[in-house]
Amino acid sequence: MNNFSLTPVAFARTDFSSKFGVPRQSGLVSDLVASIEFTSDFCAGEFTRGLNSFSHVWLIWGFSKNVGKWQPTVRPPRLNGNTRVGVFASRSPFRPNSLGLSSVKLLEVTRGKLLVGGADLVDGTPIFDIKPYVRTDVHEDANFSYATGADYRMRVDMSEDALGDFPRAKVSALRGVLAENPRPAIHDDPNRIYGFGFAGFEIKFRCEDGVVHLVETQRQVAGEC
């Protein structure tokens, strides 16, 4: 038996306090900025020497909210949550080894920290490895199967009253998150109100006729998830 183990080299700091609301894939909302903060063992500048010459990186990370929760078949949102495929034919977070892979834009490299754009990570996500994105990662003849389905993006109705005290510097990122229709694929009740934590606020929204309506934002109480 191979006693293989993984040690986090960094942890992600993002605006998402829970997995609900996080974009289904990296790169969908470029305005989402995450800070990748290295642990004390890996914060020396030698570890990232030369990395700033690349525009994008791969993050290999752990689904820390789903450890031990997996199944052999899943229902991808791209198939409207109605069709099952094998877990290895999906990007589902419910995997035997709970590992995720994200391609993100590298915005800044400083000692002990990276700033990246387009991350699909919950705050506190462990990062196990970082690799530069290179030309051979692009396959012009790739076939994307069911992942080439209809665009999920929806129109967003976002009034000033609904935004309330929500920080205006984060509005563009919030709009992008809501446009990706974060509700479960099998839900279609136009009156149901959903909520998720983002940038220190609880975001309340509902969906109807291809439009995401922001209902309200409420500042989260310290310690609230």
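Is phenylalanine 166 buried or exposed? Phenylalanine 166 is buried, with a relative accessible area of 1%, where buried means under 20%, exposed over 50% and partly exposed in between, using a 1.4 Å probe and protein chains only. The model is predicted, so local features need pLDDT of at least 70 and side-chain atom pairs count only at pLDDT 80 or more, while totals for chains, interfaces and linings use all residues. Residues are numbered from 1 along each chain as its sequence is written, and side-chain values use heavy atoms, leaving out hydrogens and water.

**Aromatic rings**

- Rings of Phe, Tyr and Trp (its six-membered ring) pair if their centres lie within 6.5 Å, and planes under 30 degrees apart count as stacked, over 60 as edge-to-face and the rest as tilted.
- By this rule there are eleven aromatic pairs.
- Tryptophan 58 and tyrosine 133 form a tilted pair, because their ring centres are 5.5 Å apart and their planes are at 40°.
- Tyrosine 133 is partly exposed, at 28% relative accessibility.
- Phenylalanine 166 and phenylalanine 198 make a stacked pair, with 6.2 Å from centre to centre and 20° between the planes.
- Phenylalanine 198 is buried, at 0% relative accessibility.

**Aspartate 120**

- Although aspartate 120 is buried, it has no salt bridge (a side-chain nitrogen of Lys or Arg within 4 Å of a carboxyl oxygen of Asp or Glu).
- The nearest side chain of opposite charge to aspartate 120, that of arginine 91, is 6.6 Å away, where Lys and Arg count as positive, Asp and Glu as negative, and His and the chain ends are not counted.
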